[in-house]
Amino acid sequence: MAKKLNGTVIVTYRCNAKCTMCNRYKVPSKPEEEITVETIRKLPEMYFTNITGGEPFIREDLKEIVRELYKKSDRIVISTNGFFTDRIVDLCKEFPQVGIRISIEGLEKTNNEIRGLDDGFNRGYTTLKTLVDMGMKDVGFGMTVQDRNAPDLVPLYEISNELDMEFATASLHNSFYFVESNNIIHDRLTVAENFENLINRLLDSNSPKKWFRAYFNHGLINYIFSQKRLLPCDMSFDTFFIDPYGDVMPCNGTKEKEVMGNLNEQSWDELWNSQEAEAVRKKVRCCDRNCWMIGSVSPAMHKYIWKPAFWVVKHKFLHFFKKKKYSMYENKIVRDYRDGKVTKEQLDACSTCENCTANK
Ligand code: SF4
Ligand code: SF4
């Protein structure tokens with residue numbers, strides 16, 4: 001039996017928001033060219049599927065897509081900005097087992113400024129509360145941490161705890177997917193300090209899942225200091241993305257879109273075993289973008305589990321009596337930056353931001 005894969009289905013590039021870190025809303029897909037249920041039927045068996053966009057709930061036939069995907073996927077999580085409360089609630093009534101991740105970019109004012117939606121926070125929060133009140137089990141926040149919202153990181157984590165929800169973090173990335181190449185963290189030490197506070201709260205909890213989330217956030221500090229990924233990236237080997245046009249890609253982090261094949265025109269086996277797919281895999285092997293997004297890190301954390309597990313044991317148990325279990329200065333690069341051995345310009349030059357002087 002073929003190995004089950006980890007897939008992300010980008011059902012649309014249309015979006016009702018105008019986030020500061022993503023220009024996707026400026027280059028939407030047209031409804032008539034978006035991936036159909038017929039193409040979705042051709043996807044392989046998956047152990048995990050993420051449905052995303054754009055804003056996936058813009059598609060009025062999302063329920064049909066989810067119904068089809070459940071025939072081939074063990075677990076489905078939908079990423080959304082949470083604006084279309086009624087549509088989300090309606091879908092969850094039919095699929096109470098589905099996971100919902102609502103991106104909230106900070107407390108009310110910050111969220112609405114970053115998201116470009118006047119009522120974004122209230123809509124997202126109301127959706128979250130409604131889902132919890134309905135008894136949905138797999139509901140959570142997602143936050144893209146940046147200079148503007150870093151102080152809201154721990155307060156938002158506390159809210160997620162009160163509501164007994166998952167709390168997923170990310171940081172700024174540049175790629176064809178975000179139609180953005182100028183994202184960068186400016187005040188790295190302040191942002192890292194906020195991550196450090198979150199990591200310590202996660203390590204202080206009694207939940208093994210949260211201890212591993214602490215490791216993920218440690219990886220984000222490493223990422224914003226433009227360092228090599230803590231774990232190998234195996235995207236396109238047992239993981240794939242498919243976009244609204246049916247193009248299958250390794251991930252959403254590349255500068256230009258990399259295409260392994262098109263599922264509207266090919267069968268899955270033909271596409272997955274094609275020369276084009278092999279050529280993309282070769283590129284992935286020497287990719288130096290060092291993304292740290294959950295889509296590429298979660299499969300790597302499962303595959304190379306000993307590495308995060310060792311980190312967890314060290315910080316959770318060996319540091320048991322320490323007041324602070326984790327310090328960002330454990331990372332040599334953070335110490336070097338604090339001590340002036342590495343400059344901001346040098347770190348900027350190693351980032352994927354194309355606006356930095358050194359990268360021009
Ligand atoms: S980040 Fe998401 S919600 Fe924001 S504009 Fe991009 S696709 Fe829309
Ligand atoms: S590091 Fe991995 S996820 Fe990022 S662009 Fe390269 S292959 Fe894609």
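Tutor: To begin with a term, two residues are in contact if their C-beta atoms, placed from the backbone, lie within 7 Å. This is a predicted model, in which local features need pLDDT of at least 70 and side-chain atom pairs count only at pLDDT 80 or more, while totals for chains, interfaces and linings use all residues. Residues are numbered from 1 along each chain as its sequence is written, and chains are lettered from A and ligands numbered from 1 in the order in which they are written.

Student: Which residues is Ile224 in contact with, leaving aside its neighbours within four places in sequence?
Tutor: Those residues are Ser171, Ile185, Arg188, Val191 and Ala192.

Student: Which residues touch the most other members of the largest nonpolar core?
Tutor: Ile224 is one of them, along with Ile100, Phe141, Ile221 and Ile242, in a core of 81 residues. Such a core is a set of buried Ala, Val, Leu, Ile, Met, Phe, Trp, Tyr and Cys residues joined through C-beta atoms within 7 Å. Buried means that 20 or more other C-beta atoms lie within 10 Å of a residue's own, placed from the backbone.

Student: What share of the protein is buried?
Tutor: Buried residues make up 44% of the 360 residues.

Student: Changing topic, what box do the C-alpha atoms fill?
Tutor: Along the principal axes, the box is roughly 55 × 50 × 40 Å.

Notes
Buried ≥ 20, exposed ≤ 12 C-beta atoms within 10 Å, placed from the backbone.
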